[in-house]
Each structure stands twice: as structure tokens, then as C-alpha cells.
Amino acid sequence: MGKVAYKKLKGSKNLRQRLVLATLAGTPVVVEEIRSEETSPGLRPYEVSLLRLLESISDDCLVEINETGTKLRYKPGVLMGGKRHIHDCGLSRSIGYFLEPLIILGLFGKKPLTIRLKGITNDSKDPSVDTFRTTTLHILKRFGVPIGDGLDLKIERRGAPPLGGGEILLQIPIVPNTLSAAHWIDEGMVKRIRGIAFSTKISPQIVNRVIYAARGIFNSFIPDVHIFSDHRTNATGGGSPGYGISLVAETTTGCLISADVAVSDRKADEMEEEMDEKPKLTPPEELGEQAASMLLEEIEQGGVVDSTHQGLLFILCALCPPDVSKVRVGKLTPYGIETLRNIRDFLGVTFDIKPDPNSGTVLLKCVGSGIKNLSRKIS
């Protein structure tokens, strides 16, 4: 056995994305100085949980963490996929943090992936499970993943912070060989707005107030607005009271632009703090208006995806065959820029970036790395 050559990295920045790209490229990595200067050094619980998740869907995957958690050695294995996987995501980050890696890696497994994830479904840090269900899975369709062929996300229980209690079932099919290159630059005009407002363990009247406020913003722009309500109680409502809304604008060319926002009662997190320091919950009317304004801002920026999906879009383009993919996005986000750098470092793919002064958008073009699904069973 020859000595394994590890790629050396430093710091905790974009660790999740680096692990995903290292897995796809089959590149072993050593990450050093993980928060070594901070008062609480090392990997966070949610990062350790992500590593355990990668181990569970892979075969022959090696994860070594030193005692302080400031050094990580990761050697990717063969992505196996399969059914009956169950993973508890914990309570420090929501399920949304774990979904993006699963969606990308699941496509390149030996078998289709079916996994049950438990934890927080909606919070203010990560995209909600509703956004993944309505928007993220739809993006895969542009790259040759058949939507109806085992690609699904079911929200069985909702869970708001701090106690969670949510549960979803995710199904990801495998790509037979490679993804398809995408030429996706026409964002079109918004023709309808859909959404879902949820509440857990509080009065259903709260949801109606959120919907009414959001509709009040949209009705002056577009008539076709429909926002569903999802009120959960008992076991299906998780362990904490909370509410929120996820909105999606559909354009004439089939692009989906999303925005979501959620609030919850964090008092269980703040038991040690003074009662008068406890933050107030955002009123339902204010939350509805905030979500509607966020969606209008995303639409105004232009592009075929919203700002939260830029990283996923660039990774999918880079994984395509050695053919030209061309996409249009709004203003590049810091996360999107870091994604482009990580793609260059791990996959050797560079993007040609051209601003479009007429629309204020950015056109990106690349030749894919041609990553194939070598794990799949060949009949």
C-alpha cells in the first residue's frame, strides 16, 4: 500500500463544502487550525454530526479528529447510498445544513439514497426544508436528474428551535452516468407566487396573520398568489412553539426564486440569562412583510436562482461532462465566490465570469470536470 497524499487545508471556513468536493473528487484532506484561536476551539457538534453522516452513507471512509478537535483527517470512501438510513442532526443546526451535501452526494451513490433526518426543520440560520422541497430539488431537473424518478422530500414532523422534534424523509436517485450540461440564462418574468406558512404548538390564527401580511405586499404586483397553511400540533409539531413562511416565485421560463423566514421561542436556550434580556418574537404581520420583501429583493437581483442557491448551482455546473454550461445569477454572494474558489481547488474547473450591465446580472460559463458515477452497480 502506497502512502496516501493528503491535501492540506486550514481553518473551519466552508468546511461542509470542502468535505463534499473532496468526497466527489476522491481527495483525502487534512484540515488544521480549526478555530484554534477561539475561546472554544475545534469542530462544532454539527460539523462532527456531518462527518458521521458522511461515514454512514459511505464505505471505507476514514475520519480522524484530534483530542482538541482542531485537526481533522478525512479520507473519502465509496458512496453507497441505500435505504433505511436514519440520522439525528442534533439541535445546534437545522436539517437544512445537512440537506445540500446529501442532495449532491446522493446522486453519485452505488444505490439510490433514502434517509430519515431528525432535528430542526425551520430556523433562521439555514434554508428551510420547505425551500429544499419546492426549489432545490427542482434545480436538479435542469441537470438531467429525473424529478419523478425517486426524487422526493416528505415533511413528516415539523420542529422549531430550541427543542426540534422535526422529521423528514429524503429520497435521491442516482445519475446513471453523468449529469447533463445546462444552458440556463433566461430567467423570464414572474407569473405566480406560491408559499407555505407553518406554525407549531401555537394558535393557528398566527399563520393566517402571516399569510394576510405577505399577500398584502404581493397583491399590488401580481394577482396569482396562493399561500397554504400548515398548522402542526401534538407529536407532528415537534417540541417547541414557532412559526414561519416559505415563499416561491415561479417565472415564465420555469425558474423558481425562493425566500423563507422563521421565528421561535428560544427561552430554553436562555435559561441562564436574565428574563428581561430575552428577545421578543417577531410579530406575525412583521414576519409576513419581511418574507415578502426578501422575495421581492431576490426577484429584483435577477438570475435563474436566488442567492442561497448560487453555491449549489456552481457545483452542479462543475460536475457536468466536459461540455460548456452557462448560467445567469444576480449579484455574486460571498458564499458563491468561495464556492468558485473551492471548485477550482478540488475539481480544477474555472469559470468565465462576465457582468451584464444591462440587467445588473452576472453570466458564468465553465467546462465541466466530467465526474462520473463510478459507484453505481453495472447490470
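Reply: Let us begin with confidence. pLDDT is the predictor's confidence in each residue, from 0 to 100. The model shown here is predicted, and the mean pLDDT of its protein chain is 92, with 94% of the residues reaching 70 or more.

Me: Where does pLDDT stay under 50?

Reply: That stretch covers residues 267–278, for which the model has six contacts beyond four places in sequence.

Me: Into which domains is the protein chain divided?

Reply: Domain 1 spans 1–77, domain 2 is formed by 190–267 together with 282–301, and domain 3 runs over 306–367.

Me: How should I read the relation between domain 2 and domain 3?

Reply: Start with the separation and then turn to the contacts. The C-alpha centres of domain 2 and domain 3 are 29 Å apart. Five residues of domain 2 are in contact with seven residues of domain 3. About 440 Å² is buried between domain 2 and domain 3, and carbon and sulfur atoms give 33% of that area.

Me: How many salt bridges and how many residue pairs in polar contact are counted between domain 2 and domain 3?

Reply: The count of salt bridges between domain 2 and domain 3 is zero, whereas two residue pairs are in polar contact, both at pLDDT 80 or more. On the side of domain 2 that touches domain 3, strand 15 (256–264) and helix 6 (284–301) each supply at least two residues. Strand 15 gives the most to that side, with three residues. The residues of this side of domain 2 divide into two nonpolar, two polar and one charged.

Me: What is the general idea behind a salt bridge?

Reply: Side chains of opposite charge can pair when their charged atoms come close. A search of the whole structure finds 23 salt bridges. In one of them, the side chains of E47 and R35 meet at 2.9 Å, N to O. E47 lies in helix 2 (residues 45–56), while R35 lies in the loop between strand 2 (29–32) and helix 2, so the pair links distant parts of the chain, twelve residues apart.

Definitions and conventions:
Residues numbered from 1 in each chain as written. Heavy atoms only, no water. Domains from an automatic or database assignment. Contact = heavy atoms within 4.5 Å. Buried area = accessible area lost by both parts, 1.4 Å probe. Salt bridge = Lys/Arg side-chain N within 4 Å of Asp/Glu carboxyl O. Polar contact = N/O pair within 3.5 Å; in protein donor to acceptor, adjacent residues only side chain to side chain. Helix = DSSP H or I, 4+ residues; strand = E, 2+ residues; numbered from the N terminus. Nonpolar A, V, L, I, M, F, W, Y, C, P; charged D, E, K, R; others polar.
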